[in-house]
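Please open the model in your viewer and keep the selection panel at hand.

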Amino acid sequence: MTVSEPVSATRWLDQEDQKPLVQIKGVTKKYGDVTAVDNVDLDIYPGELFCLLGGSGCGKSTLLRMLAGFEELNSGTITIDGVDMSNVPAYERPTNMMFQSYALFPHMTVEKNVAFGLEQDNVPKRDLADRVHEILKLVELEDFKKRKPKQLSGGQRQRVALARALVKRPKLLLLDEPLAALDKKLRKQTQFELANIQEKVGVTFVVVTHDQEEAMTLASRMAVMDSGRFQQIGTPTEIYEFPETRFVADFIGTANIVEGRVIEEGADHLSVETEIGDVFIDHGHSVSAGSRVWIALRPEKIRLEKTDSPANSPNEVAGVIDDIGYLGETSLYKVRLENDQIIDVTAPNQSRPMNRSHRITWDDKVKISWDASSNMLLTS
Ligand code: ADP
Ligand code: MG
């Protein structure tokens with residue numbers, strides 16, 4: 001494995017002539033009446049860490065298995081590195097699947113586990129030793145090479161599984177819920193390690209996960225899946241800040257969603273009449289007056305102020321504190337509006353609560369407000 005200089009995770013975006021490593025075109029997979037993957041199109045570029053994100057049963061693993069060649073397509077094509085995979089069996093594809101750490105051979109040392117696949121391929125001894133050494137160094141397991149899997153922590157076992165998959169030098173590494181077996185804290189740490197290792201080796205990764213935080217942390221880009229289809233494809237920031245549908249806005253993070261109707265279409269703004277009051281949106285959208293729309297608002301983008309003066313401008317609404325959740329670094333305020341709708345607002349706890357008189361508490365009258373640019377306008 002050639003360890004190259006760290007590179008920008010989004011470097012393919014800078015190169016317009018960059019060719020996709022993987023091209024998925026019109027791919028469908030059915031199991032009887034169930035359409036597991038429904039006519040999807042996707043290009044994945046060399047060096048990406050691409051995440052397939054979605055709830056259980058939405059078709060993520062099926063799509064991954066089709067890339068690996070473990071599953072036949074009903075229609076469509078998959079091209080990897082310019083070659084149509086239709087008649088290429090799994091073992092001849094430039095791909096490798098990383099299985100969960102419990103798929104390690106328990107009776108073999110770390111070193112043997114990693115070397116196993118190369119021995120099967122009859123890689124010459126000298127070359128094999130070099131490759132195993134290099135990859136164990138990369139995943140920082142050299143000192144553990146004589147140990148058996150049961151003598152390692154969960155995170156270390158995960159890195160052995162990764163080393164075993166990477167040592168074969170695939171062009172494309174496929175990982176299905178790679179960190180699912182780890183507890184939350186370890187999973188977070190391992191996410192960063194996985195992203196760092198991927199960046200160092202430069203191998204293209206496709207990672208399946210149902211955990212939105214994991215996808216946000218790992219991905220250069222991701223596809224949000226639902227019922228076998230892609231709802232949206234983009235960078236984590238695009239998906240979080242510019243969701244295109246209510247499904248995506250709600251699936252990634254938390255979103256307050258209110259329904260409304262466009263009442264005025266200006267050159268640089270829209271006025272929307274909603275169930276919680278008038279909302280002003282300051283950037284260009286192609287929706288006309290009269291259209292039914294939804295506004296999604298992230299809880300951290302809403303300001304909260306203790307006051308009993310009435311709200312009198314757009315993007316400002318009066319309410320009462322219905323509930324408070326203290327989460328340590330932030331607090332979550334549930335604000336009940338006059339129409340009984342609850343709006344979630346989060347605020348960082350920037351000072352320790354010494355001065356109780358200034359604190360916002362249950363049943364306080366408050367006003368919430370937000371910037372025109374914080375409104376995420378959705379039409380479906
Ligand atoms: P995910 O990985 O997103 O949880 P899957 O790709 O495993 O979802 O499954 C997608 C859908 O296809 C589900 O409805 C599942 O029950 C169905 N499915 C997956 N594999 C098979 C199979 N071998 N036979 C029949 N149905 C399957
Ligand atoms: Mg799955």
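Begin at the interface of domain 1 and domain 2, across which the rule finds one salt bridge. Select Glu-241 and Lys-301 to display this salt bridge, in which the closest N and O atoms are 3.2 Å apart; the term stands for a side-chain nitrogen of Lys or Arg within 4 Å of a carboxyl oxygen of Asp or Glu. Next select helix 7, residues 236-241, which with three residues gives the most to the side of domain 1 that touches domain 2 (helices are DSSP runs of H or I with at least four residues, numbered from the N terminus).

This is a predicted model, in which local features need pLDDT of at least 70 and side-chain atom pairs count only at pLDDT 80 or more, whereas totals for chains, interfaces and linings use all residues. Residues are numbered from 1 along each chain as its sequence is written, chains are lettered from A and ligands numbered from 1 in the order in which they are written, and side-chain values use heavy atoms, with hydrogens and water left out.

Now colour residues 22-248 as domain 1 and residues 260-378 as domain 2, bounds that come from an automatic or database domain assignment. Their centres, taken over C-alpha atoms, are separated by 40 Å, and the contact (heavy atoms within 4.5 Å) takes seven residues from domain 1 and six residues from domain 2.

Finally, select ligand 1 and the residues that surround it, among them Tyr-31, Val-34 and Arg-65, each with a heavy atom within 4 Å of the ligand. A polar side-chain atom of Lys-60 lies 2.8 Å from an oxygen atom of ligand 1, and for Thr-62 the corresponding distance is 2.5 Å.

Methods
Helix = DSSP H or I, 4+ residues; strand = E, 2+ residues; numbered from the N terminus. Polar contact = N/O pair within 3.5 Å; in protein donor to acceptor, adjacent residues only side chain to side chain.
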